[in-house]
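Below is a short report on one protein chain. Look over the sequence and the structure, then read on.

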Amino acid sequence: MTYTNSSMVVHRNLSPNNSGQRAHTIDRISPHCVVGQCTAESLGSWFARSSTQASSNYGIDKDGRVGLYVEEKNRSWCTSSSANDNRAVTIECASDTTSPYRMNDAVYQTLIRLCADICKRNGKSKLVWISDKAKALAYTPAGHEMLLTVHCWFANKSCPGDWLLSRMSDLAAKVNAILAGGHPVLQKGCTGDDVEEYQKGLLSLGYDLGTAGADGDFGTKTDEATRAFQKDQGLYVDGVAGDDTWTAWEKAVKGVTPETPAEDPDEAPEPDKPTADVNYVVRVKSRRPIYKEPPVEVGTLNNGAYTIIEERDGYGKLKSGVGWIDLQNTEKV
């Protein structure tokens, strides 16, 4: 069999932590939670260390960007099971650091698209989820099927977390809709960023979005199938064309009126921008990792009191300069 890698990859950093050519054809997908809001680059740096002794085929970062760390032809070290890793394409997904390990919408929407892409390239037209562990592991996928498996079936782990576990049936259904020739699912009431992702998803599936203008807006000369779906989702407005199309979609999706214009995304603050003038002491009650950049560990912090000088995404930078710690379950002094 000829193996390929996803065209969705935007960052590539191949890890030494793999077993080479897999010993089974691909008929499983195993999504995981990173337990951290990582970037594709930081996750790749972590997997690039031989001391990490772990890897995954792909990673989806907090912004929905895809990294490649072990080529699909090779077996990653991801689910604590040689048998599963030999059969599965493994995907680490950025998540919160505490249970239920929630993933943001950018991550989840990319996971849907990546799973569909993996299925297509490996000749599969159906993604199967069986919640009962014994039944799932005893199941032999048909030639056109791909089976979803999870890390907690093979080790005493919480991965992929209750948030994703509760959505595995939804994940399979949305992937199967794409495999059946449908559109990426987009709920009414979404934001402008979601509309952009919707556009990208349609383009990746070969649907017609009309001609893009100089500023990236799309006209309304779309094919009938696309137009029907846009109308159903409230993303298409008759009689609007050219540069006005985006504004019309914004109004349809967000209920924006001329008196209450949509917020300019260029003016929105960056979510991971450090808080200015932070300087306080926290008490650490148990040993915990020190990160150069989560999830890249550089050491361990003992119990005691430590000064924090910056905050970012739930992590605090130590005044000593040795790195960052997770502020969860610390206590301000």
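Val 35 is partly exposed, because its relative accessible area is 34%, a value between the 20% and 50% cut-offs. The model is predicted. Val 35 sits in the loop between E3 and H1. Its phi is positive, about 65°, although Val 35 is not a glycine.

Ser 80 also has a positive phi without being a glycine; the value is about 60°. This residue belongs to the loop between strand E6 (74-76) and helix H2 (82-87). As background, most residues other than glycine have a negative phi, and most peptide bonds are trans.

## Two cis peptide bonds

Ser 99 and Pro 100 are joined by a cis peptide bond, with omega about 15°. Pro 100 is placed in the loop between E7 and H3.

Cys 159 and Pro 160 are likewise joined by a cis peptide bond; here omega is about 10°. Pro 160 is found in the loop between E9 and helix H5 (161-165).

## The chain as a whole

The protein chain holds nine helices and 16 strands. Of its 333 residues, 47% are buried. The chain exposes about 16,000 Å², and carbon and sulfur atoms supply 48% of that area.

## The seven-stranded sheet

Seven strands make an open sheet with mixed pairing, in the order E1-E5-E4-E7-E3-E9-E8. Strand E1 (9-12) and strand E8 (126-128) are at the edges; each has a single partner strand, so one side of each lacks a neighbour in the sheet. From one strand to the next, the twist averages 30°. Helix H6 (residues 168-179) packs on the sheet and touches strand E3 (28-33), E8 and strand E9 (145-148). The direction of H6 makes about 175° with that of E8.

Within the sheet, strand E4 (residues 58-60) and strand E7 (residues 88-93) run parallel, joined by three bridges. Tyr 58 has Ile 91 in E7 as its bridge partner.

Is Ser 56 buried or exposed? Ser 56 is buried, because its relative accessibility is 0%, and the cut-off for burial is under 20%. Ser 56 lies in the loop between helix H1 (40-47) and E4.

The side chain of Ser 56 reaches the backbone oxygen of Tyr 58 at 2.7 Å. Not counting residues up to four places away in sequence, Ser 56 touches Phe 47, Tyr 69, Val 70, Ser 76, Cys 78, Thr 90 and Glu 92.

## Helix H3

Helix H3 (residues 105-121) has 17 residues. At 1.5 Å a residue it should span 24 Å, and its end C-alpha atoms are 24 Å apart, so the two agree. At the start of H3, a side-chain oxygen of Asn 104 comes to within 3.0 Å of the backbone nitrogen of Ala 106. Just after H3, Gly 123 has a positive phi of about 70°.

How many residues of H3 are buried? Twelve of the 17 are, so H3 is largely enclosed by the rest of the structure. Among them are Val 107, Tyr 108, Leu 111, Leu 114, Cys 115 and Asp 117. In general, an α-helix has 3.6 residues a turn, so residues three or four places apart point the same way.

Strand E13 (residues 304-312) pairs with strand E14 (residues 315-318) in the antiparallel sense, over four bridges. Arg 312 has Tyr 315 in E14 as its bridge partner. Two residues lie between the strands of this hairpin, and Asp 313 takes a positive phi near 50°.

E14 also pairs with strand E15 (residues 324-326), antiparallel and over three bridges. Gly 316 has Ile 325 in E15 as its bridge partner. This hairpin has five residues between the strands, and Gly 321 takes a positive phi near 85°.

## Lys 332 in E16

Lys 332 is part of strand E16 (residues 331-332). Lys 332 is exposed, because its relative accessible area is 58%, and exposure means over 50%.

Which residues does Lys 332 contact, leaving aside its neighbours within four places in sequence? They are Tyr 280, Val 281 and Val 282. Arg 283 is 49 residues from Lys 332 along the chain, and their C-alpha atoms are separated by 6.2 Å.

Methods. Residues numbered from 1 in each chain as written. Predicted model: local features only at pLDDT ≥ 70, side-chain atom pairs only at ≥ 80, totals over all residues. Heavy atoms only, no water. Pairing = 2+ DSSP bridges. Buried < 20%, exposed > 50% of the residue type's maximum accessible area, 1.4 Å probe, protein only. Areas by Shrake-Rupley, 256 points an atom, 1.4 Å probe, with all protein chains shown as cover. Expected span 1.5 Å × (residues − 1). Polar contact = N/O pair within 3.5 Å; in protein donor to acceptor, adjacent residues only side chain to side chain. Axes fitted to C-alpha atoms, helices over the stretch in contact; angles between N-to-C directions. Contact = heavy atoms within 4.5 Å.
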